Amino acid sequence: MLSNRLRAATRAWTVLVLVFIYAPLLLVVVNAFNSSKTFAFPPAGFTLQWWSAAWNSDGMWTSLGNSVVVGLAATAIALVLGTMVAFAIQRYRFFGRQTVNLLVVLPITLPGIVTGIALNATFTSALGVTLGMATVIVGHATFCIVIVFNNTQARLRRLGTSLEDASADLGASTWQTFRFVTLPMMRGSLVAGAILAFALSFDEIVVTTFTAGPAVQTLPIWIFGNLFRPNQAPVINVVAAALTLAAIVPVWLAQRFGGDPAGTRI
Amino acid sequence: MPSAPTQPPAPRMREKAALAFLLVPPLAWLIIAYLGSLAVLMVSAFWTTNSFTGAVVHKFTTANLVRVLTDDVFRAVTIRTVGVAAAVTILCAVLAVPLALFMAKFASPALRIVLVVAVTTPLWASYLVKAYAWRMLLSPEGPLSWATGYTPGYGLVATVLTLTYLWLPYMVIPVFAAFQRVPDALVDASSDLGASDLNTLRLIVAPMIFPGIAAGSIFTFSLSLGDYIAVTIVGGKTQMLGNVIYGQLVTANNQPMAAALSLIPLLAIVLYLLAMRRAGALENV
C-alpha cells in the first residue's frame, strides 16, 4: 500500500493540474461576453453584442463551410483507405508488413511543418498544381488515414478471426462475411475513427497553411488571420468560445456511438 | 506494434488477390502523396532559386545545406527550438506523473473515468483557441497579472507554458496506461517488505512507467519541434525553427532553403524515434 500522505499529495496535484487545464478554457468563454474589446481583467461588463457581430461575419461562415467540406472529404478518403490497410495488416501475413505499418503512422509522427513543406514543394515546384481545396483535402486525408487505421486495426485485433472463420465455414462468401459479420462488429470503431479524423482535419492549421494557397481559407486559417487585428478581437473571442463549447459534441458522440471515449484522440 | 492473433495459412491465389486489392489503393496514396513529397522535399533542398525572379531552378547545389549547418542564426534557432521541445517534454512529464499516479492507483473506478474524460476533453478544443487563451491569460492587463501582480509576458517562457498546456494530455494518457499496468500486488509487496513510498516509486514503479513517459515524449517533443503557430501567438519576438522555415518559404520566397531547413526537425525526430525505440517506447504507442 502506498501511504495516505502520498494519496493526499497526488490528489492536491491532480486538482492543480485540472485548474491549469480548465482555467484558460473558462477564460475564453468568459471573455466572449466581455463588453470591453481588450483582454483587461476583470471584464468590464456583460454583453451579447459580439455574438451577433460574429453571427453576421461572412468570412467566418465561408471559412467554416470550407472547413466542413475539407473535413468530410478527407474523412471519407481516410475511412476507405485506413480501413483497407488495417484489414491487410490484421488479417494477412505478408512481406513488408512492419514497413507498411510504419509508413501509415509516419504522417502524424513527423512535424506538421515537414509534411506541409513537402506537400507544398510537390504541388508547386514538382507538379505545378494550383493550390486550393483539392490540395488541402489531399494533405488532410494523408494524416487522417492513420487515425482511422489505429481505431480499426485495434478493433480487428480484439475481435480475432473466430466469428469470420465460422461464417466462412458455414458457406458465406468473403463479401457476405465482411458485410454481415465483420462490418457490424466494427461499426463503433469506424464511427470513432471518423469523428477523430474529422476533428483533426477541422482543427489543422500547419499543413493547411502550406497547401491552401491564398484563395482558400479554412476556419483555423481565418481565425489566425484575424487574431492580431484589435478590431476583430471580440468576434474572434466569440468564435473561440463557441469552438470551446463545441468540444463537448465529439466527446458526447464518441461516448454515445464509439464506446470507449478514453484516449481515443490519441 | 500489431501481431496477428492466429497464424494465417500461407497465401493462396485468391488471398493474394484480396491482399493486393486491400493494399494497393492505400499504399499508392501514401507512397505517391507522402513519400513522394518527402522525396521531393529532400531533393529540392539541393535546388536553388533565381535571384531575380525567385523561381526555383532545378540545378544541383549544396549551398543550402552548407548554410543550414554553418549559419549562426540558424544554429541559435535550432538550439533554442530543441531546448524548448526538451523543456516542454520535461514539464509535461512532471505535471503528468503525479496526476497519472493518482488516477491509476488512488482514484475510485468512477472518479478514474471522470478524470480520464476531464484530461482528454480539451484535446477536442481548438488548438488555436487554446494558444489564444494563453495570450489572454498572460497579457499585461490579463487575469494572471490581475490576480498575482506578475506575468511572464509574451516570450520564451510563455511559449514553453503554452506548448506544455497544448500537449499535456498526450503525455498523461500513455503514463496513465503505464501506471495501470503496474500490478498493485507488486507495490504492496514492496511496502510490506519495508520500502518507503519513495523507494517503491523509484525502484519498482519508475522502471515500469518509463516506457509510458518515453511514448508520451514522442508526441510532446515532436509536436513542439515543428510548432510555429503558438510561438507566433504568445512568443513575442521569439523565433523557433518553424518560424524561420515559414519565413524562408513565404517571406523570402526561397523554397529550397525552407526545404533544407526542414531537414533539421525531420532528422531530429528520426533520431529521437530511434532513441525511444531503444527505450522500448514504441511497443506502447
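## Close-up views of a two-chain predicted model

View 1. N64(B) counts as buried because its relative accessible area is 9%, under the 20% cut-off. Please keep in mind, here and in every view below, that this is a predicted model. You will find N64(B) in helix α2 of chain B, which spans residues 63-70. Which residues touch N64(B), leaving aside its neighbours within four places in sequence? They are A45(B) and W47(B), together with P256(B), M257(B) and A260(B).

**View 2. Helix α10 of chain A and its packing partners.** This helix covers residues 219-226 and is mostly covered, with seven of its eight residues buried. The buried residues are L219(A), P220(A), I221(A), W222(A), I223(A), F224(A) and N226(A). What do they pack against? Within chain A, the partners are α3 (58-91), α8 (174-203), α9 (206-212) and α11 (233-246). Chain B joins in too, through α5 (127-138) and its own α10 (229-234).

**View 3. I223(A) in the largest nonpolar core.** Let us stay with one residue of that helix, the buried I223(A). The largest nonpolar core has 159 residues, and I223(A), L168(B) and I229(B) are those with the most contacts inside it. Helix α3 of chain B (residues 72-106) supplies the largest share of this core, 16 residues. Setting aside neighbours within four places in sequence, I223(A) is in contact with I236(A), V239(A) and L243(A), and with L128(B) from the other chain. A second, separate core has five residues, including V70(A), V136(A), A212(A) and V216(A).

**View 4. Where chain B meets chain A.** How many residues does each chain bring to the contact? Chain B gives 100 residues and chain A gives 93. About 9,000 Å² of area is buried between the two chains, and carbon and sulfur atoms give 77% of that area. On the side of chain B that touches chain A, helix α1 (residues 13-44) gives the most, with 22 residues. If you are looking for salt bridges between the chains, the count is zero.

**View 5. Confidence along chain A.** The mean pLDDT of chain A is 87, and 96% of its residues reach 70 or more. Residues 261-266 of chain A are another matter, as pLDDT stays under 50 there. The model has 16 contacts beyond four places in sequence for this stretch.

Methods:
Residues numbered from 1 in each chain as written. Chains lettered and ligands numbered in written order. Predicted model: local features only at pLDDT ≥ 70, side-chain atom pairs only at ≥ 80, totals over all residues. Heavy atoms only, no water. Buried < 20%, exposed > 50% of the residue type's maximum accessible area, 1.4 Å probe, protein only. Helix = DSSP H or I, 4+ residues; strand = E, 2+ residues; numbered from the N terminus. Contact = heavy atoms within 4.5 Å. Core = buried A, V, L, I, M, F, W, Y, C linked by side-chain atoms within 4.5 Å. pLDDT = per-residue confidence, 0-100. Buried area = accessible area lost by both parts, 1.4 Å probe. Salt bridge = Lys/Arg side-chain N within 4 Å of Asp/Glu carboxyl O.
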